[in-house]
Amino acid sequence: MSNLLETIAQVRREVCELHAELTRYELVVWTAGNVSARVPGHDLMVIKPSGVSYADLTPESMVVTDLYGTPAEGEWGNPPFSPSSDTAAHAYVYRHMPEVGGVVHTHSTYATAWAARGEAIPCVLTMMSDEFGGSIPVGPFALIGDDSIGQGIVETLRNSTSPAVLMQNHGPFTIGKDARSAVKAAVMCEEVARTVHISRQLGEPLPIDQGSIDSLYARYQNVYGQ
């Protein structure tokens, strides 16, 4: 149990700290948005509490739930808060995509504007080829409150190279091998949504052919960096 307690404490710290990245990159306003992370080796996840100001978040205020979104009892002690209203969606993703270790949701301005139109962001930037391996797809409209949003995320991303989906009329959700990777995807999603929007104000962006997209994606994912 001690190892589990240490693991949960570490995940709580990481999830809490990553919420600061959402405000740093201006991806959220007020208390909207959330980051979650899977607890490695256990059917548990850690997620932001609902309706708590970002300035007031602490590791101890992060809620531990099972993979159905129900607060989990244990020696780690849960705070007197309800988990995020998006918890059911995050939990559904973890149940059905075992490779995913982190999920992020924001209402970032430009990505959400594309979601409001129900329009995928076309792959017209080498950065998009690198990060997303193609366009950023649109997921179906779904009401919040149950796992309908999670179903849409999984259906859209299960066979996609993109770690981001624009849920129609709602906003972006991103996934990653861990929570930090999912936050990076959220940051990059907003950046390309903004850039492609500006490009379209100037004229029609030039598409990149699929062969080049595939080559750029393979290089970035397998060769780039340390």
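Reply: Two residues are in contact when heavy atoms of theirs lie within 4.5 Å. With that cut-off, the contacts of this predicted model can be sorted by how far apart the partners are in sequence. Among contacts between residues at least 6 apart in sequence, the share that joins residues at least 24 apart is 65%.

Me: How many helices and strands does the protein have, and what pattern does it follow along the sequence?

Reply: The secondary structure comprises seven helices and seven strands. Read along the sequence, these elements follow the pattern α-β-β-β-α-β-α-α-β-α-β-β-α-α.

Me: Which radius of gyration does the protein have, and what would a compact globule have?

Reply: The C-alpha atoms fill a box of roughly 55 × 35 × 30 Å along the principal axes. For 226 residues, a compact globule would have a radius of gyration near 17 Å. The protein agrees with this, because its own value is 17 Å.

Me: What percentage of the accessible surface belongs to carbon and sulfur atoms?

Reply: Of the 226 residues, 49% are buried. The accessible surface of the protein comes to about 10,900 Å². The part of that surface belonging to carbon and sulfur atoms is 51%.

Me: How far apart are the mean positions of the positive and negative charges?

Reply: The protein has 14 positive and 25 negative charges. The mean position of the positive charges and that of the negative charges are separated by 4 Å.

Me: In what order do the strands of the sheet lie, and which are the edge strands?

Reply: The sheet is open, has seven strands and shows mixed pairing. Its order is 3-2-1-4-7-6-5. Each edge strand pairs on one side only, and these strands are strand 3 (63-66) and strand 5 (138-139).

Me: Is strand 7 largely enclosed or open, and why?

Reply: Strand 7 covers residues 171-176, and six of the six are buried. A residue counts as buried under 20% relative accessible area. Strand 7 is therefore largely enclosed by the rest of the structure.

Me: Which residues of strand 7 are the bridge partners of Val103 and Val165?

Reply: Strand 7 pairs in the antiparallel sense with strand 4 (residues 102-105) over four bridges. Strand 7 also pairs in the antiparallel sense with strand 6 (residues 164-167), again over four bridges. The partner of Val103 is Ile175, and the partner of Val165 is Phe173.

Me: Which residue takes a positive phi in the hairpin of strand 6 and strand 7?

Reply: Three residues lie between the strands of this hairpin. The residue with a positive phi, near 60°, is Asn169.

Me: Which way do the residues of strand 1 point, and are they buried or exposed?

Reply: Strand 1 spans residues 34-38, and five of the five are buried, so the strand is largely enclosed by the rest of the structure. Asn34, Ser36 and Arg38 point one way, while Val35 and Ala37 point the other way. On both sides, the residues are buried.

Me: Which residues stand opposite Asn34 and Ala37?

Reply: Strand 1 runs antiparallel to strand 4, with four bridges joining them. Three bridges join strand 1 to strand 2 (residues 44-47), also antiparallel. Opposite Asn34 stands His105 in strand 4, and opposite Ala37 stands Val46 in strand 2.

Me: Which residue takes a positive phi in the hairpin of strand 1 and strand 2?

Reply: This hairpin has five residues between the strands. The residue with a positive phi, near 80°, is Gly41.

Me: Why does Thr87 count as buried, and which residues does it touch?

Reply: Thr87 belongs to helix 2 (residues 87-96). Thr87 counts as buried because its relative accessibility is 3%. Not counting residues up to four places away in sequence, Thr87 touches Met45, Ile47, Thr65 and Gly69.

Me: Where is Val52, and which residues is it in contact with?

Reply: Val52 lies in the loop between strand 2 and strand 3. Val52 is buried, with a relative accessible area of 11%. The C-alpha atoms of Val52 and Trp30 are separated by 9.0 Å, although these residues are 22 residues apart along the chain. Leaving aside neighbours within four places in sequence, the contacts of Val52 are Thr31, Leu57 and Phe81.

Notes. Residues are numbered from 1 along each chain as its sequence is written. This is a predicted model: local features need pLDDT of at least 70, side-chain atom pairs count only at pLDDT 80 or more; totals for chains, interfaces and linings use all residues. Side-chain values use heavy atoms; hydrogens and water are left out. Buried means under 20% relative accessible area, exposed over 50%, partly exposed in between (1.4 Å probe, protein chains only). Helices (H or I, at least four residues) and strands (E, at least two) are DSSP runs, numbered from the N terminus. Two strands pair if DSSP finds at least two bridges between them. The radius of gyration is taken over C-alpha atoms; the globule rule is 2.2 Å times the number of residues to the power 0.38. Accessible areas come from the Shrake-Rupley method with a 1.4 Å probe; for residues, only the protein chains shown count as cover. Lys and Arg count as positive and Asp and Glu as negative; His and the chain ends are not counted. The place of a charge is taken as NZ of Lys, CZ of Arg, CG of Asp or CD of Glu.
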